[in-house]
Amino acid sequence: MSTGTQWIATPATKKLQITVGVCSVIFTIGTTVQNFVIINTELVEMMMRTSGSADPTASAPGFTLGLRIVGCLYILGNAAGILALRSRPRALWWIVLAVNCTQGLGFWAIPPSMWDAATNLHGTWGIVPSAVTDGGALLLTVTMVLAMVKYRTAWAQQRTVTPGVPQVPGSSSVTRGSRG
């Protein structure tokens, strides 16, 4: 008779779920503020002028729309992470990790002229939402990767093998509908 694999929560599992969920709430709010309060056509024009763009007035509306579309995708990705407060499917782990890994690269992806324009237009508060979401996403990514390395599975769960449970090769049985 073959054996079955089950995923059992460890003491770190619930803490990790709460961390991911709370960070996702904060990042959803911060990304929304960044996307709809901080980023506007005036800021993008200012950024483009600083960067030496030929015609910032004509280019800024389209560029602003593009930034907002990307921002909305991050809002959705961050909002998905809030589901970690209730469940821990494997797909959610990978979505949260991908969203936070790429959002954490914001410090390198955002040109310095954007930071300067945000500070000039909104003061220090102009950079706070992006600094919190990008910096926080980087820290959450590191936390998730370290948990995955330590436990060798998503959500800091422990793999157990149950003797006598029939299993199709390559699949695993799952505890309470949550996959590791």
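Among contacts (heavy atoms within 4.5 Å) in the protein chain of this predicted model between residues at least 6 apart in sequence, 82% join residues at least 24 apart. Buried residues (under 20% relative accessible area with a 1.4 Å probe, protein chains only) account for 38% of the 180 residues. The chain exposes about 9800 Å² (Shrake-Rupley method, 1.4 Å probe), and carbon and sulfur atoms supply 69% of that area.

The protein chain has 7 helices and 2 strands (DSSP runs of H or I, at least four residues, and of E, at least two, numbered from the N terminus). From the N terminus on, their order is β-α-α-α-α-α-α-α-β.

Helix 1 (residues 11-38) and helix 3 (residues 56-81) have axes, lines fitted to C-alpha atoms over the stretch in contact, that come within 8 Å and cross at roughly 160 degrees. Helix 1 is therefore roughly antiparallel to helix 3 (an angle over 145 degrees, on a scale from 0 to 180 between N-to-C directions). Helix 1 meets helix 3 through residues including Val-20, Gly-21, Phe-27 and Phe-36, with Leu-67, Gly-71, Tyr-74 and Ile-75 among the partners on helix 3. By class, the residues of this contact divide into 8 nonpolar, 9 polar and 1 charged (Ala, Val, Leu, Ile, Met, Phe, Trp, Tyr, Cys and Pro count as nonpolar, Asp, Glu, Lys and Arg as charged, and the others, Gly among them, as polar).

Residues are numbered from 1 along each chain as its sequence is written. Local features need pLDDT of at least 70 and side-chain atom pairs count only at pLDDT 80 or more, while totals for chains, interfaces and linings use all residues, and side-chain values use heavy atoms, leaving out hydrogens and water.

Notes:
Buried means under 20% relative accessible area, exposed over 50%, partly exposed in between (1.4 Å probe, protein chains only). Angles under 35 degrees count as roughly parallel, over 145 as roughly antiparallel, 65 to 115 as roughly perpendicular and the rest as oblique.
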